[in-house]
Amino acid sequence: MTEQQTKAYRKNIHLTFPPEISGKPIVSDLVRRYDLTVNILKAQITPRKEGYLTLEISGGEDNCLKGIAYLREQDVTVTDVSQRISRDEDSCMHCGMCTAICPTSALAMDIEARVVVFDKDRCTACGLCTRVCPVGAMNVEVENGGL
Ligand code: SF4
Ligand code: SF4
């Protein structure tokens, strides 16, 4: 086994399934074929049968990368969750309100520096912070106008 295969890997990814494959057991293939641990963070199917899934995947790095490549081969659009969320650094006042609601501690107060640190890699794009931020500094890309 190579070093790359044994290195632990974890990533939050967002999947978009076109209607023609939304019924296929593609996510379970990640577990069966690539020995990944999959945690479904959010799931949605639109009236047009498009599917959206936000997943946390973890396992060996090599298998995770192969699993993501497999999803793309199946015509699933895969994006990094961190690309779907942003903070307007000019607007943020570091008030800390979002830190109380963030379920993953992606937003956390650095007590010494007195700033709210945003760790995108921990973010699951749940959107809760967008609802409490008094200045609208947090932006999450949404589908169908809903979170
Ligand atoms: S609630 Fe908004 S303004 Fe306050 S720390 Fe969070 S992102 Fe910044
Ligand atoms: S969307 Fe906001 S509240 Fe949700 S995990 Fe990301 S930073 Fe935390």
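These legends walk through several close-up views of a predicted model.

View 1. Helices (H or I, at least four residues) and strands (E, at least two) are DSSP runs, numbered from the N terminus. The C-alpha atoms fill a box of roughly 45 × 45 × 20 Å along the principal axes.

**View 2. An open sheet of four strands in the order β2-β3-β1-β4.** The pairing here is antiparallel, where two strands count as paired if DSSP finds at least two bridges between them. At the edges are β2 (37-45) and β4 (77-80), each with pairing on one side only. On average, neighbouring strands of this sheet are turned by 25 degrees against each other, direction ignored. Look next at β1 (residues 8-17) and β3 (residues 51-60), antiparallel strands joined by 10 bridges. One handy landmark is isoleucine 13, whose bridge partner in β3 is leucine 55.

**View 3. Helices α2 and α3 against the strands.** Helix α2 (residues 26-34) lies across β1, β2 and β3, at about 5 degrees to β3. Helix α3 (residues 61-73) lies across β1, β3 and β4, at about 155 degrees to β3. Contact means heavy atoms within 4.5 Å; axes are lines fitted to C-alpha atoms, for helices over the stretch in contact, and angles run from 0 to 180 degrees between N-to-C directions.

**View 4. The hairpin of β6 and β7.** Four bridges join β6 (residues 107-110) to β7 (residues 115-118), and the two run antiparallel. Alanine 108 has valine 117 as its bridge partner in β7. Between the strands are four residues, and arginine 114 of this hairpin takes a positive phi near 60 degrees.

**View 5. Ligand 1 in the largest cavity.** Among the residues around ligand 1 are Cys92, Cys95, Cys98 and Cys133, along with His94 and Met138; a residue is near a molecule if one of its heavy atoms lies within 4 Å of it. By class, this shell has 10 nonpolar, two polar and no charged residues. Ala, Val, Leu, Ile, Met, Phe, Trp, Tyr, Cys and Pro count as nonpolar, Asp, Glu, Lys and Arg as charged, and the others, Gly among them, as polar.

**View 6. Ligand 2 in the second largest cavity.** Of the 13 residues that surround ligand 2, the closest are Cys102, Cys123, Cys126, Gly127 and Cys129. The shell divides into 10 nonpolar, three polar and no charged residues. A cavity is a set of points, on a 1 Å grid over the protein atoms alone, where a 1.4 Å probe fits but cannot get out; a molecule sits in a cavity if more than half of its atoms lie within 2 Å of its grid points.

**Notes.** Residues are numbered from 1 along each chain as its sequence is written, and chains are lettered from A and ligands numbered from 1 in the order in which they are written. In this predicted model, local features need pLDDT of at least 70, side-chain atom pairs count only at pLDDT 80 or more, and totals for chains, interfaces and linings use all residues, while side-chain values use heavy atoms, with hydrogens and water left out.

Methods. On a 1 Å grid over the protein atoms alone, a cavity is a set of points where a 1.4 Å probe fits but cannot get out, and a pocket is an open set with protein on both sides within 12 Å along at least five of seven lines; lining residues have an atom within 4 Å of a point.
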